[in-house]
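Dear colleague,

I am handing over the structure below, and my notes on it follow. Please read them with the model open beside you.

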Amino acid sequence: MHSHTQAIHIGQTPEATFGAVVPPIYMTSTYAQDHPGIDKGYDYTRAGNPNFTNLESTLAALEHGQHATVFSSGLGAGTALFSTLKPGARVLASDDLYGGTYRMFTRSFGQFGIQLLQVDWHDRKAVEQHLQRGIDLIIIETPTNPLLRLSDIQSITQLARQHGVTTVVDNTFASPINQHPLTLGADVVWHSLTKYIGGHSDIIGGALITNDQILNDQFFFARLSLGLNPSPFDVWLTQRSLKTLPLRIAQHNANALHIAQTLQSHPLVRAVHYPGLPSHPHHQLAQRQMTGGFGGMVSIEFDLTLDQMKSLISSFTYFRLAESLGGVESLVNHPASMTHASIPADIRAQQGLTDGLVRFSVGIEHPDDLTADILTALAAYE
Ligand SMILES: *Cc1c(COP(=O)(O)O)cnc(C)c1O
């Protein structure tokens, strides 16, 4: 079955009593039992709910996996994942890991003796040295935020398997339409459903998808035990959103490529970071790994001062200045004054996060309106 069909038909069997084509929202905390301990598959919504089950089967199918567990947020899914680790565990992750994941390790799980180590996955020697010293879990994020660098999922998971290490891929930026980490050897796919899957900037959610029954049982137990369940209403909305995911991603991919191609020759542009451009350092890997497309995120470095940048990013009509990404509406984010403002300017520049760098979450509006919006705003500085 193709993903367009899976997104609409998996987990959407008509409801039994009245035949409602769209399964209703089961807004219930508890379930009547026929006899003590004899229930119809659900006993309490922290443990499970028919809406969760429906969404889980669709997400598993889209990721080419067997099992999925949904959570209250992307970081709620991360909490379940890291709760499977023992004190003293060593986790190896990308050096430009999502800030919330980094904070969860350093400020929360660090207190329980779980250690975060970071590496550039392209530095094979450093990766092997870490693996020889002992690693319990690997977390790969590709493409990364905000520079959209790629890591080779297949080669990392192959190496990890030789050392018996479980691998997790945070697939939030690519979505299950553009990239399938389980088919490239990953053990677990991690999603923030808040981004492309939710897609309308109106819900927070998370999921873990795997082919490993034992891991899935642990994730399910963590949701129950740690109270990481989502609301049935949010899950129902996410299911509704998922039906248009393949269509939305196709438009995000096309719009982002159009903007990247249009802006790359602009006199005020120093660099365009987009995996779909032949100039991107990992373009060949992107062609192999991102089989559905190169995504809706584009980062552009402008030849403007910090003050000019602050006024530029507030002068767009359609690109709203906001955190987050993956919605139908276009958003813009300025790392130097927003997400990464607390990092000293020289260290930020070393990491490639210069004052002129802007991250665009390209929505599904008409591409001509979006490029005109950026070009018009830039005209003030030419
Ligand atoms: C947003 C995000 C998360 C966290 O998800 P929430 O739903 O905000 O908790 C994790 N990883 C990546 C790559 C993200 O963009």
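**The ligand and its surroundings**

Ser-73, Gly-74, Leu-75, Tyr-98, Glu-141, Asp-170, Thr-172, Phe-173, Ser-192, Thr-194, Lys-195 and Gly-205 surround the ligand, where a residue is near a molecule if one of its heavy atoms lies within 4 Å of it. This is a predicted model, in which local features need pLDDT of at least 70 and side-chain atom pairs count only at pLDDT 80 or more, while totals for chains, interfaces and linings use all residues. Residues are numbered from 1 along each chain as its sequence is written, and side-chain values use heavy atoms, with hydrogens and water left out.

The shell around the ligand divides into 3 nonpolar, 6 polar and 3 charged residues; in this division Ala, Val, Leu, Ile, Met, Phe, Trp, Tyr, Cys and Pro count as nonpolar, Asp, Glu, Lys and Arg as charged, and the others, Gly among them, as polar.

A side-chain N or O atom of Asp-170 is 2.7 Å from a nitrogen atom of the ligand, a polar side-chain atom of Ser-192 lies 2.8 Å from a ligand oxygen atom, and a side-chain N or O atom of Thr-194 is 2.6 Å from an oxygen atom of the ligand. On its own the ligand has 380 Å² of accessible area, of which the protein covers 92% (Shrake-Rupley method, 1.4 Å probe).

**The protein as a whole**

The protein has 14 helices and 12 strands, which are DSSP runs (helices H or I, at least four residues; strands E, at least two) numbered from the N terminus. Its C-alpha atoms fill a box of roughly 75 × 55 × 35 Å along the principal axes.

**Backbone details to check**

Two cis peptide bonds are present in the model, one joining Thr-142 and Pro-143, with omega about -5°, and one joining Asn-145 and Pro-146, also with omega about -5°. Pro-143 is found in the loop between β4 (137-141) and α6 (153-162), and Pro-146 is likewise in the loop between β4 and α6. His-64, although not a glycine, has a positive phi of about 60°, and this residue is found in the loop between α2 (50-62) and β1 (67-71).

With regards

Key. Polar contact = N/O pair within 3.5 Å; in protein donor to acceptor, adjacent residues only side chain to side chain.
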